[in-house]
Amino acid sequence: MGAPRQPRIVIIGAGVSGIASAITLQRNGFHDFVMLEKGSDVGGVWHWNHYPGLTCDVPSQLYQFGFDPKPDWSHVFAPGPEIQRYLADVARRHGLLRSHVRLNSEVVATTFTGTEWQVETADGTRYEADFVIAATGVLHHPAVPDIPGLGDFTGDVLHTARWDDAVPTAGRRIAVLGTGSTGVQVVSALQPDAQHITHFVRSPQWVIWAPMWLPQPALVSGLLNRMPQVNRALYQAGMAGAKLFTDVVTRPSWRRRAVQRYARLSLRAQISEPELREQLTPDYEPLCKRQVLSGSYYRALRARNAELVTTAIDEVTATGIRTADGRHHEADMIVLATGFRAHDYMRPMNLTGREGVSIDDAWAKGPRAYRMTAIPGFPNLFTVLGPHSPTGSIPLHHAAEVTARYITRWIRRWSAGEFDTVEVTEEATGRFESEVAEAMGPTVWNTGCNSWYFTEGGSIDLLPFDRATMESMLDEPDDRDFHLRVRAT
Ligand code: NAP
């Protein structure tokens with residue numbers, strides 16, 4: 001056998017999954033890779049999102065890389081800018097910013113020629129690659145609602161994922177649309193200084209009370225700083241604790257019922273007015289949608305300058321919002337906390353696989369990927385946090401690291417000359433989809449609500465398995481599920 005081949009690799013995206021992929025490649029001796037990032041900085045969703053009140057509702061100790069945990073988080077639930085700084089620091093520490101990342105480089109086309117991938121960015125630069133890793137994220141493309149008149153509004157309109165820090169909010173009349181994690185955070189943050197805030201809620205969400213403001217004691221940070229082994233042990237303990245959450249959402253049990261009771265209690269204990277409580281009570285089970293956590297939202301809503309509106313919106317006018325009851329709500333600015341087109345993944349990029357198949361055709365019935373990472377028709381291309389990733393149940397950084405290790409195993413075999421292209425079979429992908437569909441039955445996501453977890457085709461784009469199962473799925477590649485091809489020389 002000859003010397004190992006050095007693969008040329010393009011990673012698309014420099015957010016959590018791109019950074020996890022890059023560092024995993026480096027740790028395995030692969031250094032010939034470039035990271036193409038559309039934004040002006042790394043961090044992905046944490047770069048794009050900087051709306052007031054942005055806080056991660058996953059404890060910081062779990063919302064970080066296992067290979068580079070941060071000892072000194074300021075809070076138990078870290079504020080958004082601190083997470084962005086952490087991701088940029090990790091990228092810098094590992095030399096990614098210096099040698100690999102190309103910022104402001106939006107990929108517009110990725111084409112498999114039969115022997116390699118050609119990747120083109122918006123400025124016309126072309127890259128050739130033996131492997132492409134699509135680390136483009138889930139919560140990436142803002143969803144802008146199609147409301148009549150929105151374009152005629154004469155005040156400011158901001159989507160939370162494209163916040164403009166130059167637009168003032170204090171002393172203004174603010175209309176907020178959307179009541180997911182984002183809407184709840186932004187209402188809580190803007191209410192104290194607004195002249196008036198109106199929260200337009202189409203479907204109320206369960207909001208579990210949690211002390212999002214809790215600081216991480218300096219004593220703890222100091223200890224974790226001095227003793228990295230304690231930091232690692234704390235991370236492992238957190239991962240073990242996260243198992244409980246996976247269990248609660250994937251299997252009906254007394255534990256799930258207890259959390260759901262707590263969600264109902266969170267509403268009852270904070271909202272005593274029967275009419276307001278009625279308006280805020282969802283018509284589905286707690287945990288069915290991505291659970292919202294807040295210790296300040298209900299208090300903000302009850303403030304004198306706040307109003308909850310659950311009547312449907314008819315139209316936006318030049319100066320406000322008209323609801324179906326004919327009322328006109330004057331506003332100086334409209335905040336769209338209306339979420340994301342979560343199932344676009346790497347689209348609208350023009351992604352073309354073997355024999356000219358486009359990703360839009362391959363995904364005509366919705367996004368699909370074998371074990372979250374491999375797509376039939378797209379050889380030597382893998383997704384990280386792609387379709388069916390466990391965004392609602394397993395710590396994300398860990399899922400990204402496990403997937404990156406799996407991809408690296410394939411790349412190592414390519415490097416050893418075992419094959420030139422690897423492509424998942426249609427049959428294995430179909431079998432994985434059936435397993436997912438069957439396991440989705442008892443999950444809480446399947447108990448009768450509508451959420452961004454659902455694809456247009458009606459399937460739930462999550463992983464209904466626990467962490468051990470995910471890890472074993474992405475342990476050693478199973479050759480029976482793949483076509484391994486060697487080029488004729
Ligand atoms: P989301 O959960 O998808 O919520 C979108 C909201 O907009 C929903 O309330 C939806 O109402 C409403 N909406 C959409 N179109 C509308 C229209 N035409 N008229 C009126 N209302 C409309 O989006 P998100 O709040 O941005 O959260 C997305 C995900 O981001 C979260 O689930 C979470 O995973 C992540 N996130 C995390 C954090 C964190 O702390 N870690 C913070 C923010 C976001 P319907 O329910 O009626 O459709």
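## Reading a predicted fold, one feature at a time

Q: Where is the place of Thr110?
A: Thr110 sits in strand 4 (residues 107-112). Strands here are DSSP runs of E with at least two residues, helices are runs of H or I with at least four residues, and both are numbered from the N terminus. Keep in mind that this is a predicted model, where local features need pLDDT of at least 70, side-chain atom pairs count only at pLDDT 80 or more, and totals for chains, interfaces and linings use all residues. Residues are numbered from 1 along each chain as its sequence is written, and side-chain values use heavy atoms, with hydrogens and water left out.

Q: Does Thr110 count as buried or exposed?
A: The cut-offs come first: buried means under 20% relative accessible area, exposed means over 50%, and partly exposed is in between (1.4 Å probe, protein chains only). Thr110 has 0% relative accessibility, so it counts as buried.

Q: What does Thr110 touch, not counting residues up to four places away in sequence?
A: A contact means heavy atoms within 4.5 Å. By that rule Thr110 touches Ile12, Trp117, Gln118, Val119, Val132, Met349, Asn350, Leu351 and Thr352.

Q: And where does Thr125 lie?
A: Thr125 is in the loop between strand 5 (117-121) and strand 6 (126-129). Its relative accessibility is 31%, so Thr125 counts as partly exposed. Leaving aside neighbours within four places in sequence, Thr125 is in contact with Val119 and Glu120.

Q: How many bridges join strand 1 to strand 7?
A: Four bridges join strand 1 (residues 9-12) to strand 7 (residues 131-134), and the two run parallel. One to look up is Ile11, whose bridge partner in strand 7 is Ile133. Strand 1 also pairs with strand 2 in the parallel sense, over four bridges, and there Val10 has Val34 as its bridge partner.

Q: Which residues of strand 2 point one way, and which the other?
A: In a regular strand the side chains alternate between the two faces of the sheet. In strand 2 (residues 33-36), Phe33 and Met35 point one way while Val34 and Leu36 point the other, and all are buried.

Q: What about helices: how many residues of helix 5 are buried?
A: An α-helix has 3.6 residues a turn, so residues three or four places apart point the same way. Helix 5 (residues 181-190) is mostly covered, with eight of its ten residues buried. Among them are Val184, Val187 and Leu190. The buried residues of helix 5 pack against several elements, including strand 9 (173-177), strand 10 (196-200) and helix 10 (297-301).

Q: Zooming out, how many helices and strands are there in the protein?
A: There are 14 helices and 21 strands. The radius of gyration (taken over C-alpha atoms) is 23 Å, close to the 23 Å from the globule rule (2.2 Å times the number of residues to the power 0.38) for 489 residues, so the protein is as compact as a globular protein of that length. Of those 489 residues, 56% count as buried.

Technical notes:
Two strands pair if DSSP finds at least two bridges between them.
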